[in-house]
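Please look at the sequence and the structure below, and then read the notes, which take up a helix, a pocket, a sheet and some aromatic rings in turn.

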Amino acid sequence: MDIKIKDFLDYLLNEKKYSAHTSKNYEIDILEFKSYLNKEMVDYLSVDYDFIKGYLMELYNRKLSRNTVARKLSSLRSFYKYLFNNNLIKTNPFKYVSTPKKEKKLPKYLGIEELEIIFNTPDINTPLGQRNRLILEMLYATGIRVSELVNIKLSDIDFFRKEIKILGKGNKERIDPFGDYCLEAINMFLEDGRKKILEKHHVTCDYLIINERGKQITTRGVEKIISDTVKKAALKKHVSPHMLRHTFATHLLNEGCDIRSVQELLGHESLESTQIYTHVSNERLRAVYLNCHPRNKE
C-alpha cells in the first residue's frame, strides 16, 4: 500500500499540479485510514461499503466536525479512484458513500477602519516594511489565496492594464485586476526595497514577493508577517491571509458587485463556494435595517 500511496501523491503533484500543502493533507488522511486498516486487519484492496461505514462511525466517535469528515472522505475517494483507474480494484467503494453536508460558518472579515490600521502599520521607509505593505495591499486588492500570492512572478504583472495572471487551484489560470493603491505599493517595492534586498545578498529572483534573503517567500512566511503586523497594530483579533480574501469578497458584495463576478475573481470553480459571502452580506443588511428602521422595536 505504501508504494501506491507514494505513486498517488506523485500523481497529485506532477500531473494534477496540486500544491505541496494540498498533497500533504491527502497523505495525512490516507495514512490515517491505513492505520485503521491495520488495526482491523483488512487489506486496502478488500475495502467495501460496510467497512467504510464502520470507519465513518470511528471518525464521528472522535467528535470530528462534518467538514473534517467530508475532507477525509474526499481524499480517500480520490485515492481509490486512482486505484480503480489503474485497474487495481474493480469498483471504487467510496463512490457510493454520501458526503456529509458541510457546516456553513460565516466567514469573518475586517472593516474598513481595521484595514486602514493594518495597512498603515508597516514602516514603508524600510525594504521589509514596503514588502509587508505590498503583501497586505495585494491580498485585499485581488482576493487571491496566499499560495497564489507567493507564486506571482514579475512577468505575470501587466502594469498598464493593472492585471495579474494568477495560477490557481488545479493549474487553472485567471486574470485578476488590482487598483491604484496596490499599484503604488508594487512600484514602491520594485523601485526601492526589493532592489536593496537583492543587492544586499547579490541575488536575483523572478518572484514578486521575496523574503529578507532575496528568495521566493513561503506561505508560512506571509502568514507570520500578517500575524506580526496585526500584533503591532494592537488589533484584538486573529487575522489570517484568508481573512483578507473573505474581506475582499464581502466588501465587493456589500458595494453591489454581482456574485458571478466575485466567483471569477476568487477563482471558485463552483458558485456554491462563493454563495457563503451572500449570507454575510445579508447579515449586514439585517443589522442595518434593525438599527435604522423607525418602526423597529428591537
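The buried residues of helix H10 (241-254) are Pro 241, Met 243, Leu 244, Arg 245, His 246, Thr 247, Phe 248, Ala 249, Thr 250, His 251, Leu 253 and Asn 254, where buried means under 20% relative accessible area, exposed over 50% and partly exposed in between, with a 1.4 Å probe and protein chains only. The model is predicted, and local features need pLDDT of at least 70, side-chain atom pairs count only at pLDDT 80 or more, and totals for chains, interfaces and linings use all residues. Residues are numbered from 1 along each chain as its sequence is written, and side-chain values use heavy atoms, with hydrogens and water left out.

**Helix H10**

- Twelve of the 14 residues of H10 are buried, so this helix is largely enclosed by the rest of the structure; helices (H or I, at least four residues) and strands (E, at least two) are DSSP runs, numbered from the N terminus.
- From its first C-alpha to its last, H10 reaches 20 Å, close to the 20 Å expected at 1.5 Å a residue, the expected span being 1.5 Å times one less than the number of residues.
- After H10 comes Gly 256, which has a positive phi near 100°.

**The second largest pocket**

- The volume of the second largest pocket is about 410 Å³, and of the 19 residues lining it, Phe 119, Glu 137, Tyr 140, Ala 141 and Tyr 181 are the closest to its centre.
- On a 1 Å grid over the protein atoms alone, a pocket is an open set of points where a 1.4 Å probe fits, with protein on both sides within 12 Å along at least five of seven lines, and lining residues have an atom within 4 Å of a point; grid points are joined across faces, edges and corners, and a volume is the space filled by probe spheres set on the points.
- Helices H5 (112-119), H6 (127-142), H8 (180-201) and H10 each supply at least two lining residues, and the largest share, five residues, comes from H6.
- The lining has eleven nonpolar, three polar and five charged residues, where Ala, Val, Leu, Ile, Met, Phe, Trp, Tyr, Cys and Pro count as nonpolar, Asp, Glu, Lys and Arg as charged, and the others, Gly among them, as polar.

**The sheet**

- Three strands in the order S1-S2-S3 make an open sheet with antiparallel pairing, where two strands pair if DSSP finds at least two bridges between them.
- Strand S1 (157-158) and S3 stand at the edges, each with a single partner strand, so one side of each is left without a neighbour in the sheet.
- Five bridges join strand S2 (residues 163-167) to S3; Glu 163 stands opposite Pro 177, and Ile 166 has Arg 174 as its bridge partner.
- The covered face of S3 (residues 173-177) holds Arg 174 and Asp 176, while Glu 173, Ile 175 and Pro 177 are on the uncovered one.

**Aromatic rings**

- The structure holds 15 aromatic pairs; rings of Phe, Tyr and Trp (its six-membered ring) pair if their centres lie within 6.5 Å, and planes under 30 degrees apart count as stacked, over 60 as edge-to-face and the rest as tilted.
- The ring centres of Phe 8 and Tyr 26 are 6.0 Å apart and the planes stand at 65°, so this pair is edge-to-face.
- Tyr 36 and Phe 51 form a tilted pair, with 5.4 Å centre to centre and 50° between the planes, and both residues are buried.
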